[in-house]
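Subject: Structure for you to look at

Hello,

Here is the structure I promised to pass on. Please open it first, then read my notes below.

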Amino acid sequence: APLIVTTEIGPRLFFTSNVLLVFAAAMLFAKMKNFISKSSLGFMQMVLLIAAVCLYIHYGKIYYDIGCCKAKREAAISQAIAEEADYISLPQFPHEEYLWIPYPSNEKRMIFFKQFYGIAEDVTIEFEK
């Protein structure tokens with residue numbers, strides 16, 4: 001119930017819809033057991049099942065794109081570390097609205113970013129636009 005009454009708006013509200021989709025899918029899959037045995041799945045339940053599957057595919061694509069970009073970033077960082085480069089250009093995440101912090105927003109966060117990935121302090125990092 002608290003997730004349904006959240007006051008947050010915009011794309012970050014995806015968490016609420018995912019939780020509700022899990023509950024709806026659990027109920028529908030319980031009905032699917034009856035459908036397989038008796039073919040008693042109603043029209044509205046079938047529509048909800050199709051909608052849930054479509055939304056899962058939509059969110060799956062978003063997180064697949066983010067994961068691919070993360071892999072590219074990590075490959076670029078590891079290559080720059082191996083070559084001891086003084087400049088790293090990293091791709092910007094797609095669907096930034098689904099991430100809390102898509103890139104370091106200030107100098108303090110950049111220091112943490114470099115420490116996390118083991119990048120030397122004198123390396124310049126640029127995020128592509």
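What follows is a short account of what was found.

Start with confidence. This is a predicted model. The mean pLDDT of the protein chain is 79. Of its residues, 74% reach 70 or more. Helix α1 (residues 14-38) has the lowest confidence, with a mean of 68. Strand β1 has the highest, at 93.

Next, the layout. The protein chain has three helices and two strands. From the N terminus, the order is α-α-β-α-β. The chain holds 129 residues, and 26% of them are buried. Take the contacts in the chain with a separation of 6 or more: 56% of them join residues 24 or more positions apart.

Which residues form the largest nonpolar core? There are ten: I77, A80, I88, L90, M110, F113, I119, V123, I125 and F127. Four elements each supply at least two residues of this core: α2, β1 (87-90), α3 and β2 (124-127). In soluble globular proteins, nonpolar side chains tend to be buried together.

Leaving aside neighbours within four places in sequence, I88 is in contact with A80, I119, V123, T124, I125 and E126.

Is A85 buried, partly exposed or exposed? A85 counts as partly exposed, because its relative accessibility is 24%. Beyond its neighbours within four places in sequence, A85 is in contact with A80 and V123. A85 and A120 are 35 residues apart along the chain, yet their C-alpha atoms are separated by 9.4 Å.

Last, the largest pocket. Its volume is about 330 Å³. The lining has 14 residues, and R73, I101, P102, F113 and Y117 are the closest to the centre. Both α2 (43-83) and α3 (107-117) supply at least two residues of the lining. Which element gives the most? That is α3, with five residues. By class, the lining has eleven nonpolar and three charged residues, and no polar ones.

Over to you.

Best wishes

Terms used: Residues numbered from 1 in each chain as written. Predicted model: local features only at pLDDT ≥ 70, side-chain atom pairs only at ≥ 80, totals over all residues. Heavy atoms only, no water. 1 Å grid on protein atoms, 1.4 Å probe; cavity = no way out; pocket = protein on both sides within 12 Å on 5 of 7 lines; lining within 4 Å. Points joined across faces, edges and corners; volume = space filled by probe spheres on them. Nonpolar A, V, L, I, M, F, W, Y, C, P; charged D, E, K, R; others polar. Core = buried A, V, L, I, M, F, W, Y, C linked by side-chain atoms within 4.5 Å. Buried < 20%, exposed > 50% of the residue type's maximum accessible area, 1.4 Å probe, protein only. Contact = heavy atoms within 4.5 Å. pLDDT = per-residue confidence, 0-100.
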